[in-house]
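Subject: Structure for your review

Dear colleague,

Please find below the structure that I am handing over to you. My findings on the ligand site and on one pair of helices follow it.

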Amino acid sequence: MKNNYICNCSHYDFSNKEYKYWENRNVTSDEIIIVKYIKSLNLRSNLNILHVGVGNSYIYEQLNKSHIISGITISNQEIKKSKKYRDKKYEVLYCDKLSNNLNNLFQNKKFDIIIDNNLKSYSCCNKAFNYMFQNFVNLLNIGGSIITTRLGMNWVKKIKPKLSFNFKDLLHYKLKEFEGDKNNIFTVHEAEMLSKKFSLKINKNENIISFLK
Ligand SMILES: C[S@@+](CC[C@H](N)C(=O)[O-])C[C@H]1O[C@@H](n2cnc3c(N)ncnc32)[C@H](O)[C@@H]1O
C-alpha cells in the first residue's frame, strides 16, 4: 500500500523489502517498564491493545494471555517474527504511523490501550506528529489510554535503509538508526499541551506518561 502523508517531508517506503530491524534484538527498557506498569493496573481482561513498533513482540509475549494485541511496524521482518506465534488474534500490519494509512488500517476497530514507547522519536515534522497523535486519539475507545515512557521521550533517531552483510544472514537489507532531530525530544510540557488540545487527562509518574480519553 502506498503511504500518503499530510506533510511535504520526504519519507522512505520500507514496505517493498524484507528489512530486518528489531525482531531479534533485546526489548528496550522502556517497554519493560510499560509492561510492569500495565500489569500493576489490574485491568479487566480482553482489552484491545495496539502496539506501535512491535520490535521483537515482547508486548505480545507478556500480555497476550490477558489481552488482544494488534501491532504496527515498518519492518517486514518484525511482521515475519510476529507470524511465528501462529496466533490469528495477533495481527501485525505494516504501517508508517506518521502516514494517513493508519486511519483505515484496522477498519472500524478501536483500542483500549495504545502503547508507543517512541511516540515522537522518528517524526519528520510537528505537523505529521500532531496528525499521528490525532489518529491515535481517534483510534481510542472512550476511557482508553495512550501510554508512553519518559525514557523513550528522550530518544530521537532517524531510520535509513541499508544493504548489509554478516555470516549468519549473508547479504541482507536492514533498517539502521542514526542520530535524530533534537526537536523530537518529547517534553512533559509538550505532552501537557497535547492533552489539553485533545481534551485528554494526562497521568504522570516517574517513568510513564499516559493520556486518558
Ligand atoms: C527501536 S525499535 C523498538 C522496538 C520495541 N518497541 C521495543 O521497545 O523494544 C522501534 C520500533 O518502532 C517502529 N517504528 C519506527 N518508526 C515507525 C513509524 N514511523 N511507524 C511505525 N512504526 C515505526 C519500528 O518498526 C520498530 O518496531
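A polar contact is taken here as a pair of N or O atoms within 3.5 Å. Please bear in mind that this is a predicted model.

Ligand site

For Glu 78, an N or O atom of the side chain is 2.6 Å from an oxygen atom of the ligand. In total, 19 residues surround the ligand, and Glu 78 is among the closest, together with Thr 28, Glu 31, Gly 53 and Thr 73.

Helices H5 and H7

The axes of helix H5 (residues 126-139) and helix H7 (residues 188-197) come within 12 Å of each other and cross at roughly 55 degrees. The two helices, H5 and H7, are therefore oblique to each other, and their crossing is right-handed. On the H5 side, the contact is made by Asn 126, Phe 129, Asn 130 and Phe 133, while H7 supplies Glu 190, Leu 194 and Lys 197.

Glu 190

Glu 190, located in helix H7, touches Asn 126 and Phe 129 as well as Lys 120 and Ile 185, leaving aside residues up to four places away in sequence. The C-alpha atom of Glu 190 is separated by 29 Å from that of Tyr 60, which is 130 residues apart from Glu 190 along the chain.

Yours sincerely

Definitions and conventions
Residues are numbered from 1 along each chain as its sequence is written. This is a predicted model: local features need pLDDT of at least 70, side-chain atom pairs count only at pLDDT 80 or more; totals for chains, interfaces and linings use all residues. Side-chain values use heavy atoms; hydrogens and water are left out. Axes are lines fitted to C-alpha atoms, for helices over the stretch in contact, and angles run from 0 to 180 degrees between N-to-C directions. Helices (H or I, at least four residues) and strands (E, at least two) are DSSP runs, numbered from the N terminus. Angles under 35 degrees count as roughly parallel, over 145 as roughly antiparallel, 65 to 115 as roughly perpendicular and the rest as oblique. A crossing is left-handed if the near helix is turned anticlockwise from the far one by less than a right angle, and right-handed if clockwise. Contact means heavy atoms within 4.5 Å. A residue is near a molecule or strand if one of its heavy atoms lies within 4 Å of it. A polar contact is a pair of N or O atoms within 3.5 Å; within protein, one must be able to donate a hydrogen and the other to accept it, and residues adjacent in sequence count only if both atoms are side-chain atoms.
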